[in-house]
Amino acid sequence: MKKAVSLFSVALVFLFTLLFIGISQQSAKGSTGYAGVDACKGCHEAYYDNYARSVHSKKAIPGSPANRQACESCHGEGAAHVEKGGGRGTGIFAFSKKDTAKEKAAKCLACHEETKTLAFWNSGKHKAEDVSCDDCHSIHSGGAKFVKAGRSEVCLPCHKDIRAMVRKQSHHPILEGKVGCADCHEAHGELSDKLIKADSINELCYKCHAEKRGPYMNEHPPVEENCLNCHNPHGSNHDRLLTDRVPVLCEQCHEDGGHMGGAPFTKFATNAPGITTSSVFMVGRSCLNCHPSIHGSNGLQTANGCSFRQ
Ligand code: HEC
Ligand code: HEC
Ligand code: HEC
Ligand code: HEC
Ligand code: HEC
Ligand code: HEC
Ligand code: HEC
Ligand code: HEC
Ligand code: HEC
Ligand code: HEC
């Protein structure tokens, strides 16, 4: 019995020793925990001010940082940083270049996992390419929705090929601010190809060009198939965002057969049977002189007596 008691007390002493070592090691590391927004305010006035003006400081929104750990919702525990009188390399999370995209995104996704437009972030191209939230957003100096530079301008430094296209002679008015990259693309990720904000390319185009949807009595099959058979979505050196100039564009598909009388499409039958001639209509708008309703038509309908389909 006595032996059992002394064994027990030895074990107890051993346990207390372990506990003591644990505590003293922790105090050697310095304070842990949250310091609270008031601690940050005095030393980081500018950061505090723009935080205070932003949606993240709104107590009225239940899940906002204001109702969590304020600054430290994103920057992590700051007590050690405060205790050391601030400075770099004190363990506070700074969204610096050495932090990975994944680490940075995790801070934001702690709250934004449920945000609707971020539903496909994990399967999106940008995540796969290590693009991080703060490549496009700046919490302390961004504009609307914390977007850096501007809703479309933010995309251009990384997408130089697209930048060149939207500067071409014919282009969607993106730099003019009438259409944004984000009207057509979901930068956060989408199930569709190329992050398109619609189930198909044509459905995307119909959102703003509803009149092209038809149905038409006389349909032009490549139009229903894919608008990009003839158009570039960003820009082109040919009129109307066309991928090539008319008639070269048309001849990519219409080279066999020809107009009535066997004349190639670039020529036209005269009244004399069997004789064809270059059509006077081939100048200017070329094929479109006689086939103006290129997206489809409902019957005969043009001024010069020609139509998409006769
Ligand atoms: C006693 C003043 C002081 C307090 C209090 C303070 N900071 Fe700092 N903090 C600094 C200084 C100084 C720097 C270094 C800035 C520099 O070099 O430009 C710094 C740097 C930082 C950095 C960058 C750290 C790095 O490793 O690069 C972050 C993020 C930061 N502070 C956030 C906070 C937050 C959040 C709080 C409140 C919890 C806070 N600070 C409280 C003075 C302070
Ligand atoms: C503690 C929770 C929390 C954290 C962490 C957080 N946010 Fe938010 N954020 C919110 C809430 C709540 C809103 C307002 C409601 C909404 O739009 O979802 C919001 C709004 C936004 C908005 C929309 C702003 C607007 O004007 O419509 C953006 C963009 C945003 N956050 C980006 C970020 C980024 C980037 C990070 C990481 C650096 C981040 N948030 C971290 C909670 C958080
Ligand atoms: C490739 C650029 C890009 C990246 C990366 C990016 N965003 Fe965005 N984000 C945008 C743009 C642009 C908007 C504004 C969309 C608009 O105006 O329609 C936006 C809007 C938002 C909004 C506002 C909600 C909404 O749908 O309008 C939230 C919240 C948000 N982003 C959070 C995040 C978080 C969190 C991350 C990282 C996990 C992130 N974003 C990464 C470009 C990006
Ligand atoms: C919603 C997330 C979020 C909140 C809330 C937030 N920050 Fe930040 N902070 C960031 C991000 C992201 C950066 C990186 C630069 C940027 O996006 O503007 C940053 C950068 C900083 C920096 C500069 C770090 C450096 O390396 O120089 C300081 C200082 C800072 N924040 C302090 C604060 C303070 C103080 C508060 C509260 C008053 C606060 N932040 C609230 C996300 C946040
Ligand atoms: C930090 C650099 C960076 C920024 C900023 C950026 N992207 Fe990207 N984006 C990439 C990289 C890298 C890829 C993958 C390679 C590629 O397709 O060019 C990519 C791919 C894409 C793709 C093709 C996706 C696919 O599935 O093939 C689209 C669309 C796109 N980005 C749109 C945008 C839009 C819209 C914005 C602005 C809101 C934007 N990007 C901002 C780096 C960036
Ligand atoms: C009017 C709608 C629209 C606008 C505005 C738009 N895009 Fe696109 N974008 C598309 C379509 C449609 C595709 C798919 C092209 C394809 O499948 O060949 C695409 C493809 C892309 C690709 C992938 C290119 C490739 O060859 O893989 C990138 C990157 C891209 N867009 C970036 C941008 C950027 C950046 C902006 C703003 C400067 C922008 N887009 C504006 C419709 C648009
Ligand atoms: C978010 C709205 C929007 C979407 C989506 C959209 N467009 Fe447009 N589109 C416009 C606007 C705005 C103009 C300029 C109209 C104007 O200036 O009168 C335009 C102009 C055009 C033009 C004429 C350009 C010129 O030089 O006159 C063509 C062709 C075109 N769009 C094709 C497309 C195609 C193809 C798609 C699908 C890939 C598409 N658009 C998707 C808004 C959109
Ligand atoms: C077979 C080639 C072809 C296809 C496919 C095509 N287009 Fe066009 N599109 C043209 C031509 C050619 C013009 C120039 C017409 C003119 O100048 O009269 C044009 C002009 C336009 C214009 C500007 C002038 C106008 O009529 O409003 C818009 C917008 C447009 N197309 C949208 C679309 C959309 C949306 C789709 C897909 C539903 C589409 N196009 C598919 C050949 C095509
Ligand atoms: C991507 C392929 C493609 C392009 C480009 C194209 N077409 Fe067509 N077109 C077709 C197909 C397929 C048909 C249906 C089969 C046929 O009649 O050859 C058609 C039919 C037609 C018809 C006959 C319509 C009918 O109802 O009989 C005319 C006229 C026509 N196209 C004119 C043009 C003109 C003008 C252009 C250039 C602006 C053009 N096409 C560009 C594929 C194309
Ligand atoms: C002077 C007016 C005129 C011009 C210019 C013209 N067409 Fe036609 N096109 C017609 C007429 C009228 C028909 C119907 C009778 C026929 O087939 O000859 C027709 C029919 C067609 C058909 C349908 C043929 C079939 O087998 O049903 C196609 C495809 C076509 N044209 C393409 C073109 C292309 C491509 C160009 C430009 C290179 C062009 N057309 C220029 C007037 C014209």
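Biologist: Let's start with phenylalanine 95: how exposed is it?

Modeller: Phenylalanine 95 is partly exposed, because 17 other C-beta atoms lie within 10 Å. For burial, 20 or more other C-beta atoms within 10 Å of a residue's own counts as buried, 12 or fewer as exposed, and anything in between as partly exposed, with C-beta atoms placed from the backbone. Bear in mind that this is a predicted model, where local features need pLDDT of at least 70 and side-chain atom pairs count only at pLDDT 80 or more, while totals for chains, interfaces and linings use all residues. Residues are numbered from 1 along each chain as its sequence is written, and chains are lettered from A and ligands numbered from 1 in the order in which they are written.

Biologist: Okay, and what's the phi of phenylalanine 95?

Modeller: Phenylalanine 95 has a positive phi of about 50°, though it isn't a glycine. Most residues other than glycine have a negative phi. As for its place, phenylalanine 95 sits in the loop between α5 (79-83) and α6. Helices (H or I, at least four residues) and strands (E, at least two) are DSSP runs, numbered from the N terminus.

Biologist: Which loop holds lysine 194, and is that residue buried or exposed?

Modeller: Lysine 194 is in the loop between α10 and α11.

Biologist: New topic. Where are the cis peptide bonds?

Modeller: One joins glycine 214 and proline 215, with omega about 5°, and that proline is in the loop between α11 and α12. Another joins valine 246 and proline 247, with omega about 10°. Proline 247 is found in the loop between β2 (235-236) and α13 (248-251). Most peptide bonds are trans.

Biologist: Zooming out, how many helices and strands are there in the protein?

Modeller: There are 13 helices and four strands. Of the 310 residues, 13% are buried.

Biologist: So what's in the largest nonpolar core?

Modeller: It has eleven residues, including Ala105, Cys108, Cys133, Cys136, Val154 and Ile174. The elements giving two or more residues to this core are α6, α8 and α10 (181-184). A nonpolar core here is a set of buried Ala, Val, Leu, Ile, Met, Phe, Trp, Tyr and Cys residues joined through C-beta atoms within 7 Å. There's also a second, separate core of five residues, with Cys40, Tyr51, Ala66 and Ala70 among them.

Biologist: What is cysteine 133 in contact with?

Modeller: Leaving aside neighbours within four places in sequence, cysteine 133 is in contact with Lys104, Ala105 and Cys108. Contact means that the two C-beta atoms, placed from the backbone, lie within 7 Å.

Biologist: And which residues come nearest to ligand 3?

Modeller: Of the 20 residues around ligand 3, the nearest are Cys108, Thr117, Cys133, Cys136 and Ala187. A residue is near a molecule if its C-beta atom, placed from the backbone, lies within 6 Å of it. The largest share of this shell, four residues, comes from α6.

Biologist: How does the shell around ligand 3 split by class?

Modeller: It has eleven nonpolar, six polar and three charged residues. Ala, Val, Leu, Ile, Met, Phe, Trp, Tyr, Cys and Pro count as nonpolar, Asp, Glu, Lys and Arg as charged, and the others, Gly among them, as polar.

Biologist: Last one: what surrounds ligand 8?

Modeller: 18 residues do, and the closest are Cys205, His209, Lys212, Cys227 and Cys230. Its shell divides into ten nonpolar, six polar and two charged residues.
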